[in-house]
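Welcome! Please take a look at the sequence and the structure below, and keep them at hand as you read.

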Amino acid sequence: MSAAKKGMKKSTYLIIWTLVIALLCSAVGVVNYEALYWDSALTLYFGEVGVKNVSTVTFDTDDHAQVANLIVAEGAVLLKNEKNALPMKGGKISLFGIDNKNGVLQKVLEDEGFTVNPTLAAFYAASSHSSGAGSLSAGNGSETGGWVIDEVPQNEYTADVKASYKDYNDAAVVVLMRTGAEGNDLPYDMSRYGGSADENYLELNKDEKELLAEVHKSFDKVIVLISSANAMQMDFVDKAEYGIDAVLWYARPAGGIGSIAKILSGAINPSGRLVDTWAADFTKNPSFVNFGTGCLPDTTDKYDGGMYYSVDYEEGIYVGYRYYETRGETDGEDWYNANVVYPFGYGLSYTTFDWTVGDASASEIELGTTITVPVTVKNTGSVAGKEVVQLYASAPYTLGGIEKAHKVLVGFAKTKILQPDESETVTVSFDPYSAASYDYRDANSNGFSGYELEAGEYTLYVSRNAHESEKAIALNLAADVQIGTDPTTDREVVNRY
């Protein structure tokens, strides 16, 4: 239960933390656009780290493509896998979605031993529709260009194309694509982009829904690949009319697509974890009503014709998983299950793991002293794989006092590749400062504004994701701790806004 506001301002620390998350968990949405940049950054901040050893799979490519493939291999997230739909050891498949127009995914699938429906591939290659879902030059409410989701409508599929399904029906692989970048707001009103005013860019549009429904009629196995830099609205994933058996997310890689084929074949066992909560309905999140696309005077965002775009920020610390986990704690599991499809930190594997959680290194919290928890992870399945152990902290909360989220991620560790029946003990660590809450207005009336650890019982959750805890560990803080100086920079902590 922490505002999770950190005083560590050094850019070096922030870059290193981003890189670690990228390699160990899942932040491929940030890192795999430019393999060259990240290859250089890894060398700059870690030296020659030997990233080629991250995976047992090797790629016959130059170094930069190798890095991209390894990042995708570590970061792609398996979200659903019913009836052991994946992995597939080759097979005759039909690859759906206009994002396949350039043939890149088809090639790597064929290189991995799959036979891809050539009639369907030729249909997409000749289509007048665009494989780019949206234009990065037309965000922030621009009237020109736009975020068109240009999937091929069902009425354009010819009889010959539909007849080809029966010869390539081991599985239908459907690619859903979204783009997005800093400096561009994604529309929550699609009326200017071929949709309706009550549709947002990150939910399925009419053509995509019809595509999934038609595919389900012709195939016993439906695999969805989500190629998106953003979390998509996931209200469709378990609907019977779509019959989706497996879902794999990867975040618009400019390189590294070869790893997706290897994940589908089982040559790579996915081990990425979500860095967002994937919700059922974005419109039910309070931040949705504050998302702005219009111009207002005297505000300080993007300038346009004498006016400025404006986004109101009223949510405080309750953004992302901090909102959903806190609201789930106060409103109960029924609310949580109705609103959250996949929690922050979620991800599946082709194997199973048993955990044995040891004792914490201390039961009393002391600022400056790290508390560690050993976790022995055993691969209890039949194939090799990696597991991620996550650690969350919860702080004592007083109604009307300092705002605190119910859970805050404070640490994680990823195992090496574990063979069946092999075990490894990893250590997750808790720095008490990471659970400090920022009291900007002296909400607890103690005459202090800054970072604080309030006395009382804290809980560490050794977890598989933000919502599924393997073990809860109680810790105690005997007296309040006030932190008025940043421990990294030694500068005074003051309100900036």
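## Before you start

This is a predicted model, in which local features need pLDDT of at least 70 and side-chain atom pairs count only at pLDDT 80 or more, while totals for chains, interfaces and linings use all residues. Residues are numbered from 1 along each chain as its sequence is written, and side-chain values use heavy atoms, with hydrogens and water left out.

## The chain as a whole

The chain contains 11 helices and 21 strands. Both kinds of element are DSSP runs numbered from the N terminus, with at least four residues for helices (H or I) and at least two for strands (E). Of the 497 residues in the chain, 51% are buried. Here buried means under 20% relative accessible area, exposed means over 50%, and partly exposed is in between, with a 1.4 Å probe and protein chains only.

How much accessible surface does the chain have? The total is about 22000 Å², and carbon and sulfur atoms account for 49% of that. These areas come from the Shrake-Rupley method with a 1.4 Å probe, and for residues only the protein chains shown count as cover. As for contacts (heavy atoms within 4.5 Å), take those between residues at least 6 apart in sequence: 73% of them join residues at least 24 apart.

## A sheet and its helices

Two strands pair if DSSP finds at least two bridges between them. Strand E2 (residues 91-96) and E3 run parallel and are joined by 3 bridges; lysine 92 has threonine 115 in E3 as its bridge partner.

Threonine 119 sits in helix H6 (residues 118-125). Is threonine 119 buried or partly exposed? With a relative accessible area of 34%, threonine 119 is partly exposed. Not counting residues up to four places away in sequence, threonine 119 touches Asp160, Val161 and Ser164.

## Two nonpolar cores

A nonpolar core is a set of buried Ala, Val, Leu, Ile, Met, Phe, Trp, Tyr and Cys residues joined through side-chain atoms within 4.5 Å. The largest has 41 residues, of which Val373, Val375, Val389, Phe430, Leu460, Val462 and Leu475 touch the most other members. Apart from it lies another core, of 36 residues, with Phe96, Tyr124, Ile244 and Ala251 among them.

Leucine 460 belongs to strand E19 and is buried, with a relative accessible area of 1%. Leaving aside neighbours within four places in sequence, the contacts of leucine 460 include Val373, Phe430 and Leu475. Tyrosine 392 is 68 residues away from leucine 460 along the chain, yet their C-alpha atoms are separated by 5.7 Å.

## Charged pairs

Side chains of opposite charge can pair when their charged atoms come close. The structure has 15 salt bridges, each a side-chain nitrogen of Lys or Arg within 4 Å of a carboxyl oxygen of Asp or Glu. In one of them, glutamate 74 meets lysine 386 at 2.6 Å, N to O. Glutamate 74 is in helix H4 (residues 63-75) and lysine 386 is in the loop between strand E13 (371-379) and strand E14 (388-394), so this pair ties together parts that are 312 residues apart in sequence. Both glutamate 74 and lysine 386 are buried.

Another salt bridge joins glutamate 387 and arginine 464 (2.9 Å, N to O). Glutamate 387 lies in the loop between E13 and E14, and arginine 464 in the loop between strand E19 (456-463) and strand E20 (469-477), 77 residues apart. Glutamate 387 counts as buried at 5% relative accessibility, while arginine 464, at 25%, counts as partly exposed.
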